[in-house]
Structures are given as structure tokens and as C-alpha cells.
Amino acid sequence: MNVIVVNGYEEMSDRAFAIMKDIVVKNPAAVLGLATGSTPIGLYRRMVADHAAAGTSYRAVRTVNLDEYAGLAPDHEQSYAYFMRTNLFDGIDILPENTHIENGIAEDAAAECARYNELLETLRQDIQVLGIGSNGHIAFNEPGTPFDMTTHVVDLTESTIRDNARLFAREEDVPRRAFTMGPKNIMNAARILILANGANKARAVYGLVRGEVTPSLPASILQHHPDCTLICDRAAAALLSDEKGVS
Ligand code: PGA
């Protein structure tokens, strides 16, 4: 794993943006695997600003998102479909039909998972952006998720519900279930870019980089990915005390 330690959120976002822009410039029809949450917002802001200033085009880019709350329609303000439109897609020239995410209100959840898995077979991510949960989850793959799982519906853990409650008016409003790509769909990406900032991510980052590879810490599977870059700030890197191999 290539580990890049930076000073803070803005520098993390700058470095992530440089990687994403390089991919889109070299391959204007790239498939970008995208993530929600507070971590990638700085990256998306830079993509929007650069599109306006430098004209980097996303007209042929395709995107696949990691996850979506079960029960929320795409126009619900807390849905991840809405998050992606407001934080990124509305600010660049991507075609809406080229953006993909699980349908949170699919009536047949199993059929929706199968549809998304088939889509991911045809749209292999050139890069997959990830955040990491304080419990080491990636997407909504909570501790204990078998590494060979593909897209599935999960019951969110209490810790994830608490982490996400800040975005809802009341904790009771946080959906209890979600659709998520499985670890296997994530590992299928040609390249992984995982971002982490803040002291509350330090334990998870330690497990990601130096811990045992175990479903108890889902992100640890990334140690087996041939092309994975972690960009994290000093607070998130605090437990990686041995700086060998860390740039
Ligand atoms: P965050 O979430 O970016 O809001 O910290 C990360 C995650 O849970 O994957």
C-alpha cells in the first residue's frame, strides 16, 4: 500500500484531486467509483472548480457509487443519490444517465443487488474512491462482512448509525438498512484511493495499514490490493508510529 501522510484535510483533498484529474485527462471515458460522506467533499469541490476554470470534461465519464440507504428515494435530501448530485454531478458536465447508484426504493432487493453486480461487471472501476468508518468499514461493509461478498443489503451497526446521525434531524431518522457494494466489488477496481482524516479514524487507519487482514476490520482487505493508495492526515496517521514506507 502506498501511504501518503499530509498535514490536513485541504492537502488530502488536493492530492486526491491530482490523482483523479490525471485519470480523467488520460482516459476521458474512465469509470470512477465514488463515495459519499464528509471525507470526499473537498475532492468533489476541486473537481467542480477545475471543471469551471480549466474545462476538464466528464461528458464520457461513467460513475458507480458504493452505497445507498434502503428506503430513501433518489430525490430524498439524505439519499446518497442526492448527495452526489449536489456535491458533484450538478457542477460538472457528466451525463446523468452515466451515473449509477443502487436504487434505495427497489421493491425486490435481491433483484436490485443482482442488477448492480451485473452493472459492475461491465463498468469495472478504473479507480475506486473510499472513505473509512471509525470501525474500519468501507462502504457499508461493517465488521464481520465476508470478503467475498458482492452487492447486498446490510443492517447498519449502532456505531455507523451514530456516526451518520449528525446529518439527520434526529437519530431515529437515520435509515437502519442500506444497499452496498461488497468487498469483492471494491477489490475488483483497477486502483483504490482511500482517504482518511481526523483522530477518530486513527485506529481504523492503523488496522487498514498494519493490522491483521480480517473481516473484523473490513478495510484491511485492501492490503491485498495490488494498487492501493491511502492519503491521510497526521491525526489519522497518528498510530502508524513506524514511519518506514510512509511518505
Ligand atoms: P465520513 O464517512 O467520510 O463521513 O467520515 C466515512 C465512511 O463511513 O466511510
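**Close-up 1. C232, a buried cysteine.** C232 has a relative accessible area of 0% and is therefore buried (under 20% relative accessible area, with exposed over 50% and partly exposed in between, using a 1.4 Å probe and protein chains only). The model is predicted, so local features need pLDDT of at least 70 and side-chain atom pairs count only at pLDDT 80 or more, while totals for chains, interfaces and linings use all residues. Residues are numbered from 1 along each chain as its sequence is written, and side-chain values use heavy atoms, leaving out hydrogens and water.

**Close-up 2. C228 and C232, without a disulfide.** Here we look at the two sulfurs. The structure holds zero disulfides, a disulfide being a pair of cysteine sulfur atoms within 2.5 Å. C228 is in no disulfide, and its nearest cysteine sulfur belongs to C232, 11 Å away. That distance is too far for a bond. C228 is buried too, with a relative accessible area of 4%.

**Close-up 3. Helix α1 against helix α2.** Helix α1 spans residues 9-26 and helix α2 residues 41-54; they pack at about 55°, with axes 8 Å apart. This makes α1 oblique to α2, meaning that the angle is neither under 35 degrees (roughly parallel), over 145 (roughly antiparallel) nor 65 to 115 (roughly perpendicular). The crossing is right-handed: the near helix is turned clockwise from the far one by less than a right angle.

**Close-up 4. Residues where α1 meets α2.** On the α1 side, the contact (heavy atoms within 4.5 Å) includes Y9, F17 and M20. On the α2 side, I41, L43 and R46 are among the residues taking part. The contact residues divide into eight nonpolar, two polar and five charged.

Technical notes
Axes are lines fitted to C-alpha atoms, for helices over the stretch in contact, and angles run from 0 to 180 degrees between N-to-C directions. Helices (H or I, at least four residues) and strands (E, at least two) are DSSP runs, numbered from the N terminus. Ala, Val, Leu, Ile, Met, Phe, Trp, Tyr, Cys and Pro count as nonpolar, Asp, Glu, Lys and Arg as charged, and the others, Gly among them, as polar.
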